[in-house]
Amino acid sequence: MASIFSRIKKKLERSKANKNWANKNAYLISKGAVIGKGTRLNCNIDAFGSEPYLIKVGEDCLFAAGVRFITHDGGIKVLKTLGYPGMEKMDSIAPIVLGDNVYIGTGAYIMPGVHIGNNVVVGAGAIVTHDLPDNVVAVGIPAKPIESLDEFFEHVKAKGKLYPTLGLTVEEKRAYFEKVFSE
Amino acid sequence: MAGLIKKTAKKVKRILANRDWNSKIKYLTERGARIGNGTRLNCGVEAFGTEPYLITVGEKCLFAADIHLITHDGGVAMLNFLDYFGEQHMDSIAPITIGDKVYIGTGAYVMPGVTIGNNVIIGAGAIVTKDIPDNVVAVGVPAKPIESIDDYCRHLQEKGKLFPTVGMPYEQKRAYFEEKFSLNKKAAKAEKEN
């Protein structure tokens, strides 16, 4: 019975933490994560996995929904079960360190030990297995830099997908786009 | 109203099934899945999809969160709409067989008809479209074997990512790693200097 109560308490704590950006950051920082000022999590706190104290994030980052930081390699379980020498007490673990101004696209995974530089865009669904340098866009499985931020800027402009709708309310934005695309 | 009660009952059943390892296995076994002894599911029962009775899992496997074992190809619906098979509409289905001591990393998908051997590690986010032999690590889209598990063991030791923290309670583990990597200490120091 007591375990049910503690479980429900934990669940409530988590759902409260997921309520808004400030709550998410506060919860994760209390669990030992380092999160810089201005960083916004559109993913929920589950993204930080079972060892949030192994994750360091710089300032002004933005993480989309479904992102996951994986700080341990569970595959070592197979070696343990097979009785490889010296493995039975071992965890395979490495911290993740992110620079400032990093955007991580929806559904991307960051693997153990990865360091990401400053001003980086990680594409949706990418799996980042190796370090990424500063000022790049990296996509794919495994994630590889495909262009610099300057090239990204040129491409975004050239594609004609840019609209001055930042800060509009949902209704204003809907009206704006319904007009743009009905023409 | 009756429909709503039925739906709610189903949901509650699922939530209860997902509460621990034993109840997940019980729920799936009742629905026809064959799951060996010592297999642990960190994923929810949803991972087994709509046809759990088409899935066979060996002993001592471990499945991470958010994996999916897909036993049907939904794309055939398009052909059905277009009457490719005449009046009789078809399902495209194939069973999945997973051997003993298999680890499946978070977010991986195993596709219809795939057989995975014994002692296999599937990387996070992999999409397994073809059979995987025994004793390998397979990653990527589509998943391909990249090394034997002997090589995997050697690489782990070389990389220095191994720590003797298995079985530690959460707080002790946190203290151990905070000391080891001092991610926090640096932050605390920087804050003080500011």
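Start by selecting chain B and colouring it by burial: 38% of its 194 residues count as buried. Keep in mind as you look around that this is a predicted model.

Now show the surface of chain B. The accessible area comes to about 11300 Å², and 55% of that belongs to carbon and sulfur atoms.

Along its principal axes, the trace of chain B spans about 75 × 50 × 40 Å. Its radius of gyration is 21 Å, whereas a compact globule of 194 residues would have one near 16 Å. If you display contacts between residues at least 6 apart in sequence, 24% of them join residues at least 24 apart.

Chain B has six helices and 14 strands to explore. Pick out β5, β8 and β11 of chain B: they make an open sheet of three strands in the order β5-β8-β11, with parallel pairing. At the edges lie β5 (68-69) and β11 (127-128) of chain B, each pairing on one side only. Zoom in on β5(B) and on β8(B), residues 109-110, which are joined in the parallel sense over two bridges. Here, select B:Leu69 and you will find B:Val110 of β8(B) opposite.

For the last stop, move to helix α3 of chain B, residues 76-81, and select B:Leu79 there. Is B:Leu79 buried, partly exposed or exposed? This leucine, B:Leu79, is partly exposed, because its relative accessible area is 31%.

Definitions and conventions: Residues numbered from 1 in each chain as written. Chains lettered and ligands numbered in written order. Predicted model: local features only at pLDDT ≥ 70, side-chain atom pairs only at ≥ 80, totals over all residues. Heavy atoms only, no water. Pairing = 2+ DSSP bridges. Helix = DSSP H or I, 4+ residues; strand = E, 2+ residues; numbered from the N terminus. Buried < 20%, exposed > 50% of the residue type's maximum accessible area, 1.4 Å probe, protein only. Rg over C-alpha atoms; globule rule 2.2 N^0.38 Å. Contact = heavy atoms within 4.5 Å. Areas by Shrake-Rupley, 256 points an atom, 1.4 Å probe, with all protein chains shown as cover.
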